[in-house]
Amino acid sequence: MEWNRIYNEDNLKTMGRMQDNSVDLIITSPPYNKGAYAPDKGTSGVWGAMKGRRINYDSYDDAMDPSEYEDWQKKVISECIRVLKPSGSLFYNHKDILHDGVSVVPRWVYDYNVRQQIIWDRGSSPALDSHYFFPVTEYIYWIVKDPKKTFFDKDKVAMKSTIWRMQPDKNPHPAPFPKVMVDNIILGCCPDGGLVYDPFIGSGTVAASVLSIGGGR
């Protein structure tokens with residue numbers, strides 16, 4: 001494997017070439033599978049649509065069978081845990097999806113060592129549905145490999161509580177997250193000289209943050 005390189009391939013294939021216990025920090029946000037619950041008009045094979053809530057990617061329809069999606073995410077997280085060092089952390093950004101009057105949550109994260117659940121207050125929402133309070137929050141699950149060995153330097157982080165208030169960065173990607181969020185995680189959870197990985201790189205925010213912070217990471 002070459003570092004400081006983007007591999008445009010299935011992330012399970014990429015991680016399959018990565019050594020056990022080799023990565024200090026993983027920060028990522030997978031597609032949320034919103035298309036399975038909120039497809040565009042005319043989409044087939046869906047589970048009771050609420051049109052207008054999906055994220056429109058260029059070629060990915062984001063509409064897997066929910067059980068297949070869960071299995072896929074568990075495979076990805078398990079591989080992330082395998083490649084993490086015992087002191088390493090995975091920060092996994094996801095959210096609940098409002099569907100048929102109830103909340104569909106990423107329950108599979110609790111199969112792993114969730115150290116904390118951080119609330120990302122986005123301050124706004126594109127889902128203006130009169131049946132619910134406006135959903136302005138997402139979750140960042142801090143998952144660790146070995147709870148007794150986890151690296152964390154709280155003195156270096158800017159946001160020290162479990163509620164982070166910030167709007168997404170503005171760029172052409174349909175679902176970017178803020179660079180300030182990634183900066184906060186890297187400074188607190190990756191030592192100088194450490195290795196950071198993002199299996200769902202999106203617009204490259206994690207890579208840009210790592211290179212801008214420096215410190216030999």
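**View 1. Helix α2 and the elements around it.** In this predicted model, the buried residues of α2 pack against α1 (11–16), β1, β2 and β6. The buried positions of α2 are Y69, E70, W72, Q73, V76, I77, E79, C80, I81 and V83. The helix has 18 residues, and its first and last C-alpha atoms lie 26 Å apart, close to the 26 Å expected at 1.5 Å a residue.

**View 2. The largest nonpolar core.** This core has 23 residues. V23, I26, I77, L90, Y92 and I143 are those with the most contacts inside it. Two or more residues come from each of β1 (23–28), α2 (66–83), β2 (84–94) and β6 (137–144). Of these elements, α2 gives the most, with 7 residues. Another core lies apart from this one; it has 21 residues, including L25, M159, F177 and C190.

**View 3. Surroundings of I77.** I77 is one of the buried residues of α2. With neighbours within four places in sequence left aside, I77 is in contact with L90, Y92, W108, Y112 and I143. Among these partners, L90, Y92 and I143 are also listed with the most contacts inside the largest nonpolar core.

**View 4. The aromatic pair Y69 and W108.** The ring centres of Y69 and W108 are 5.6 Å apart and the ring planes stand at 75°, so the pair is edge-to-face. Because Y69 lies in helix α2 and W108 in the loop between β4 and β5, the pair ties together parts that are 39 residues apart in sequence. Both Y69 and W108 are buried. Y69, W72, W108 and F200 form one aromatic cluster. The whole structure holds 7 aromatic pairs.

**View 5. The aromatic pair Y110 and Y141.** Y110 and Y141 are paired edge-to-face, at 6.1 Å centre to centre and with 85° between the planes. Y110 is in the loop between β4 and β5 and Y141 is in strand β6, so this pair ties together parts that are 31 residues apart in sequence. Y141 has a relative accessibility of 3% and therefore counts as buried.

**View 6. The salt bridge between R107 and E70.** The side chains of R107 and E70 form a salt bridge, 3.4 Å from N to O. Distant parts of the chain are linked by this pair: R107 is in the loop between β4 (102–104) and β5 (113–121), E70 is in helix α2, and the two are 37 residues apart. R107 is exposed, with a relative accessible area of 57%, whereas E70 is buried, with a relative accessible area of 17%. A search of the whole structure finds 12 salt bridges.

**View 7. The salt bridge between D183 and K179 in helix α3.** The closest N and O atoms of D183 and K179 are 3.1 Å apart, and the two residues form a salt bridge. Both residues lie in helix α3 (residues 179–189), 4 residues apart, about one turn of the helix. An α-helix has 3.6 residues a turn, so residues three or four places apart point the same way. D183 has a relative accessible area of 18% and is buried. K179, at 27%, is partly exposed.

**View 8. Further salt bridges.** K156 and D153 meet through their side chains in a salt bridge, with 3.9 Å from N to O. K156 is partly exposed at 44% relative accessibility, and D153 is partly exposed with a relative accessible area of 22%. Elsewhere, D20, E79 and R82 are linked in a network of salt bridges. E79 is among the buried residues of α2.

**View 9. The protein chain as a whole, for orientation.** The chain has 4 helices and 8 strands. From the N terminus on, the elements run α-β-α-β-β-β-β-β-β-α-β-α. Of the 217 residues, 45% are buried. Among contacts between residues at least 6 apart in sequence, 72% join residues at least 24 apart. The accessible surface is about 11400 Å², and 51% of it belongs to carbon and sulfur atoms.

Key:
Residues numbered from 1 in each chain as written. Predicted model: local features only at pLDDT ≥ 70, side-chain atom pairs only at ≥ 80, totals over all residues. Heavy atoms only, no water. Core = buried A, V, L, I, M, F, W, Y, C linked by side-chain atoms within 4.5 Å. Buried < 20%, exposed > 50% of the residue type's maximum accessible area, 1.4 Å probe, protein only. Contact = heavy atoms within 4.5 Å. Areas by Shrake-Rupley, 256 points an atom, 1.4 Å probe, with all protein chains shown as cover. Salt bridge = Lys/Arg side-chain N within 4 Å of Asp/Glu carboxyl O. Expected span 1.5 Å × (residues − 1). Phe/Tyr/Trp six-rings, centres within 6.5 Å; stacked < 30°, edge-to-face > 60°.
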